[in-house]
Amino acid sequence: MDIMNLNRRDFLRTQVALVVGASWAVMVGDAAAQAVAPVLVGPPPTALDTWIRIAADGSVVANFGKMDCGQGIDLAVAQIVADELDVALDKVHVTMGDTRFSPNQGGGSASTGLRMGAVPLRNAAAEARRVLVEAASLKLGVNVAGLSVEDGRVFALADQAKSVTYAELIGGKAFSTPMEWNNQIGNALNVNGKAKPKDPSQYKIVGKGFKRKDIALKVSAQEHYTAHIRPDNLLHARSVRPPVAGAKLLGVDNASIAHIKGAKSFVKGDFVAVVAETEWNAVRAARSLKVKWSDVPGPFTGGEEKVYDYIRQATPTAANAISMFGGKKAWDEKPTLAALSTSAKVLEADYECAFQSHARIGPSCGVVDVRGDKAEIWTDTQKPHFLRMGIAKFLGIPPGNVQVKWMHGAGSYGRSDSDEAPYEAALLSQAFARPVRMQWSREEGTAWDPKAPAAIITMKAGLDINNQVTGWLFKAKGFNGWDVRFTPESPEHVLVGMLTGHKKWNAYNFNVPEESYKFNNHVHWWETVPPYLQEASPMRTAHLRAPQEMQTRFGQESFIDEVAHVAGMHPVDFRLKHLQDSREIEVVKVAAERMGWPNRKKGTTKGDISLGWGLALHSGYGSYAAVACEIEVNKQTGRIWVKKVSIAHDCGMMVNPIGVRAALEGQIMQGISRTLHEEVHFDEKRVKSVDWTTYRIANLNDVPGEVDLVLINRPDKPMGGAGEPAIVCFPAAIANAVFDATGVRIRRYPLVAERVKKALA
Amino acid sequence: MPTYRLNVDGAVRTIEAEKDEPLLYALTDALKFKGPKFGCGVGQCGTCTVLVNDQPIRSCILSASSVGNKPIRTLDGLMQNGQLHPVQAAFVEEQAAQCGYCANGWVMHAVSILEKNPKASDAQIQQGFANVQCRCGTQIAILRAVKKARDNMATAKT
């Protein structure tokens with residue numbers, strides 16, 4: 001069986017035929033690259049053929065070095081390519097995250113799918129059109145200026161009978177046209193040709209709503225997920241975790257699985273796994289294998305009860321004054337503290353944010369076939385190209401010999417467990433010289449995935465006698481957002497790597513808010529605290545959707561609300577007074593107006609039910625979102641229900657409004673989930689959130705009564721990301737609404753019913 | 001390993017399975033079905049749902065050996081003559097999937113809810129999905145889709 005073709009559709013077969021003989025999958029020391037060029041593996045970005053190909057039937061293949069997190073990013077890319085090339089949308093097929101076909105565009109990351117990822121494809125499609133129109137000009141004997149293109153047919157404006165199709169010009173053949181590469185890999189990778197992309201005013205497909213094609217496949221059992229990949233001669237694998245985090249392996253008793261047909265154990269360092277011929281026997285073997293672990297004290301000092309004490313008391317590992325990826329900056333809080341000391345009023349508040357899990361609906365799965373010094377990997381990682389580099393390093397084989405095929409998988413929302421099983425499968429496949437499918441359990445997917453860091457956001461503000469802000473202090477102190485890296489580019493960032501001797505890196509990051517509000521004597525900085533357990537911890541921390549932004553904005557956007565009330569202003573007016581950016585001002589106004597601002601009265605109570613509304617703002621990823629929530633809170637039960645949510649959303653040039661709407665609806669539910677329910681439970685020895693009763697997420701009872709989305713389209717502005725800005729707002733918007741409804745501030749998320757009930761009692 | 005005959009989507013399939021092997025593994029590992037998926041293994045998420053005797057059952061906690069000749073219906077067999085089932089069609093219409101990994105559970109439960117009560121109220125629909133999870137947060141679109149399926153099926157009958 002040709003196993004690499006398990007998930008080939010017709011267009012991919014076309015492409016495989018096209019690339020025969022091409023020298024992809026080798027180390028490319030690009031001749032045009034400058035001395036600082038990164039090491040490049042795979043198809044050269046400097047070739048137009050890497051990005052765009054026209055098949056013999058005139059269909060277009062666009063190779064995208066990212067993947068889709070379930071938001072139809074491939075459709076939006078296809079819209080852009082179709083518009084630039086002047087072909088019908090249905091003719092464009094986008095391949096995603098396949099190291100054989102695409103350069104490393106960084107994978108799914110920071111809502112960059114369109115705002116960065118689509119840019120080289122837009123440029124390449126424009127260049128392809130230029131080359132094709134010039135070729136048509138030669139063929140038809142008509143000046144380029146006298147030609148137009150419609151659905152892949154170039155024709156003379158003066159005589160439409162004079163025409164030639166893209167298929168006739170180049171179908172199945174190579175462009176052999178160079179592109180200028182910016183010497184970057186990852187999110188920032190870009191290429192330019194001689195052609196300039198169109199002005200957005202000329203777009204006909206971009207900006208219109210189109211429905212995703214993959215949904216029909218997904219709801220009819222026709223889509224291939226990683227979990228479905230079963231090459232011939234496959235071994236099924238399960239891993240075995242210690243009962244106490246950090247325990248060392250002392251030995252395994254193979255007799256304990258002797259009764260299970262074909263079951264074998266595998267040990268390397270402190271990593272333990274089992275393999276078997278059938279999946280169920282692998283499960284049975286994992287449950288039956290007797291493993292002796294060292295007796296270690298629980299590493300999670302104080303457990304969940306004491307997590308905020310731990311953070312408060314910890315000596316910081318690092319500190320910085322700027323937002324993620326921003327470099328290093330010194331700060332000085334003294335002027336702010338001095339201003340506060342002479343202020344008429346001083347407000348102080350701490351906001352606490354729990355550890356949260358990615359808790360993917362399907363735990364990590366990876367299928368790997370290692371043959372000698374070559375490896376083929378099926379995975380739903382968000383970063384297939386970085387996974388290639390990491391697994392090559394892990395196995396000690398050249399990266400060019402490792403091919404990663406991204407598959408549909410369970411939604412992953414950041415540096416989740418999705419990278420873990422492929423590494424484990426790779427190690428086992430190398431050891432057993434057979435293809436291996438590693439499937440994590442539910443317990444592993446929740447208890448052992450990388451976590452969003454718990455944090456405390458400390459806020460202070462001063463007001464003078466006229467209620468003007470005299471100083472504003474923001475300090476985030478929390479677990480490390482980069483305890484393991486956001487890309488799986490090295491084995492030190494995954495459990496099995498650490499368990500087999502790859503020491504984790506030492507890099508630290510948290511985050512601070514951007515300067516949306518202008519205050520006098522404004523200072524902000526972050527501090528990270530040491531991990532509970534240095535290596536291979538189930539509580540290792542990493543990026544979860546809108547990394548460390550939900551935490552920082554919970555503090556900032558709740559405190560804005562608090563200070564506004566003390567200053568005697570409506571929180572919306574207070575925001576508008578201090579905001580600088582007209583796009584931020586607009587989303588705040590629009591979302592507030594949908595809730596009846598400025599005429600709406602304060603919250604009301606009838607019996608046990610109080611009603612109120614609140615708002616929060618976030619801008620980032622080139623986009624702007626204001627979320628307003630009207631909530632009901634039940635004093636007897638502590639239950640909060642979002643009765644109505646209004647989002648005003650500006651993501652610059654909007655490519656597919658249907659996609660943006662779906663992305664926002666998803667953020668509403670996941671935002672409510674993270675605000676009201678999600679917290680990782682743990683004691684000193686282990687993580688106790690192991691399933692959906694011990695790690696609760698939102699369900700149908702949390703669906704808002706009314707969903708009201710205002711999409712602001714700005715074709716004159718660059719494309720922004722739509723996957724993260726809105727979700728950031730939910731904890732503060734809901735907590736502010738609770739205050740409006742009840743007059744009670746809740747300064748910890750999640751606002752679980754029990755905690756709310758106590759706060760209101 | 002013992003051999004069992006399963007009546008799946010109208011066809012009798014013979015499988016080898018351990019006595020305690022969950023139906024999920026028999027369907028996905030031995031028979032290569034793609035609808036039911038592993039999600040939790042403890043019956044809490046619905047991702048592995050199939051209909052047995054037209055009832056939604058969590059195939060991750062039901063042994064294949066216990067099913068006997070009761071008819072099993074799966075997402076893989078829901079299309080008829082190449083046409084999507086009205087529930088599937090409504091999910092497409094409302095774009096009610098993100099990653100789609102959990103879609104199996106929602107679609108199979110929806111089919112069961114609407115077969116039992118084609119006139120199910122909005123509240124009855126909502127209550128019909130006990131312990132079905134979606135991590136991407138597609139519940140808003142899913143509810144719209146199931147209501148649309150109900151309305152479309154009612155229109156088709158009249």
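Author: A quick note on bookkeeping: residues count from 1 along each chain as its sequence is written, and chains are lettered from A, with ligands numbered from 1, in the order in which they are written. As the model is predicted, local features need pLDDT of at least 70 and side-chain atom pairs pLDDT 80 or more, while totals for chains, interfaces and linings use all residues.

Reader: What does A:Ala732 touch?

Author: Leaving out residues up to four places away in sequence, A:Ala732 touches A:Arg553, A:Phe554, A:Glu557, A:Ser558 and A:Ala616. Contact means C-beta atoms, placed from the backbone, within 7 Å.

Reader: What makes S13 and S21 of chain A edge strands?

Author: Chain A has an open, mixed sheet of 7 strands, ordered S13-S14-S11-S22-S19-S20-S21. Strands are DSSP runs of E, at least two residues, numbered from the N terminus, and two strands pair if DSSP finds at least two bridges between them. S13 (264-268) and S21 (402-406) of chain A each have a single partner strand, so one side of each lacks a neighbour in the sheet.

Reader: How do you know that S19 and S22 of chain A pair?

Author: S19 (residues 365-371) and S22 (residues 436-439) of chain A share 4 bridges in the antiparallel sense, and the cut-off is at least two. A:Cys365, for one, stands opposite A:Gln439 in S22(A).

Note on methods
Contact = placed C-beta atoms within 7 Å.
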